Amino acid sequence: MIPRVSIDEFSSTYFETGEPAVIEGALECWSYREQWSPPSLAKIAGRRPVTVGISSDGRYLYNETKSSAGNRRYQEQEIPFEEAVARIADDNAGREFYIFQQSIPAKLPELMDHLVAPRWIQSFSPTINLW
């Protein structure tokens, strides 16, 4: 974790070098952070399809050395975003769900109105994904 830094310092020290950094207090002024609850996101993106992983034991293991039939210990399924949120939130579902990386502009464009790139990276045209 790093304290707030200038845009120039962040750019040269972290962004351009690819060094990961978590900026303390970076989201304090982000007005949408209270609105990004699972139910509110499900209401916004609703029926948009997303790819989820389903694992009976909560592990998402992938082994490239095995044949394609035996290299995954999870199933992939495409379901509506609101259903994925409900399943993830359901402690009694009996299976583990994980929303795979999704391009927000391509798969969940309704969420774009609720995003503002942090000032430290605005000029870099960041890729915007849901993980």
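In this predicted model, Glu-82 and Arg-47 form a salt bridge through their side chains, with an N to O distance of 3.0 Å. The pair ties distant parts of the chain together: Glu-82 sits in helix α3 and Arg-47 in the loop between α2 and β1 (49-55), 35 residues apart. Arg-47 is exposed, with a relative accessible area of 61%, whereas Glu-82 is partly exposed at 32%. A search of the whole structure finds 4 salt bridges.

**Other salt bridges**

- Arg-48 and Glu-110 also meet through their side chains in a salt bridge, at 2.8 Å from N to O.
- This pair too links distant parts of the chain, with Arg-48 in the loop between α2 and β1 and Glu-110 in the loop between α4 (104-107) and β5 (129-130), 62 residues apart.
- Arg-48 has a relative accessible area of 31%, so it counts as partly exposed; Glu-110 is partly exposed as well, at 28%.
- Arg-87 forms a salt bridge with Glu-83, and the closest N and O atoms are 2.7 Å apart.
- Because Arg-87 and Glu-83 are 4 residues apart in helix α3, about one helical turn separates them.
- Arg-87 is partly exposed at 22% relative accessibility, and Glu-83 is partly exposed at 28%.
- Side chains of opposite charge can pair when their charged atoms come close.

- Helix α1 spans residues 7-15, and its buried residues are Phe-10, Ser-11 and Tyr-14.
- Viewed down the axis of α1, these buried residues fall within an arc of 115 degrees, so they line one face of the helix.
- The structure holds 4 aromatic pairs.
- In one of them, the ring centres of Phe-10 and Phe-15 are 6.3 Å apart and the planes stand at 40 degrees, so the pair is tilted.
- Phe-10 has 9% relative accessibility and therefore counts as buried, the cut-off being under 20%.
- Phe-15 has 35% relative accessibility and counts as partly exposed.
- Phe-10, Tyr-14 and Phe-15 are linked into a cluster by ring pairs.

**The loop between α1 and α2**

- Thr-17 lies in the loop between α1 and α2 and is exposed, with a relative accessible area of 53%.
- The side chain of Thr-17 reaches back to the backbone oxygen of Thr-13, at 2.9 Å.

**Helix α2**

- Leu-41, Ala-42 and Ala-45 are buried in helix α2, which covers residues 38-45.
- Seen down the axis of α2, the buried residues fall within an arc of 100 degrees, so they line one face of the helix.
- Pro-39 and Lys-43 are exposed residues on the face of α2 turned away from its buried side.
- The cover over the buried residues of α2 includes α3 (81-89).

**The chain as a whole**

- The chain contains 4 helices and 5 strands, in the order α-α-β-β-α-β-β-α-β from the N terminus on.
- Of its 131 residues, 27% count as buried.
- Among contacts in the chain with a separation of 6 or more, 66% come from residues 24 or more positions apart.
- The chain exposes about 8,800 Å², of which carbon and sulfur atoms supply 50%.

Definitions and conventions: Residues numbered from 1 in each chain as written. Predicted model: local features only at pLDDT ≥ 70, side-chain atom pairs only at ≥ 80, totals over all residues. Heavy atoms only, no water. Buried < 20%, exposed > 50% of the residue type's maximum accessible area, 1.4 Å probe, protein only. Helix = DSSP H or I, 4+ residues; strand = E, 2+ residues; numbered from the N terminus. Arc of directions from axis to C-beta. Contact = heavy atoms within 4.5 Å. Phe/Tyr/Trp six-rings, centres within 6.5 Å; stacked < 30°, edge-to-face > 60°. Polar contact = N/O pair within 3.5 Å; in protein donor to acceptor, adjacent residues only side chain to side chain. Areas by Shrake-Rupley, 256 points an atom, 1.4 Å probe, with all protein chains shown as cover.
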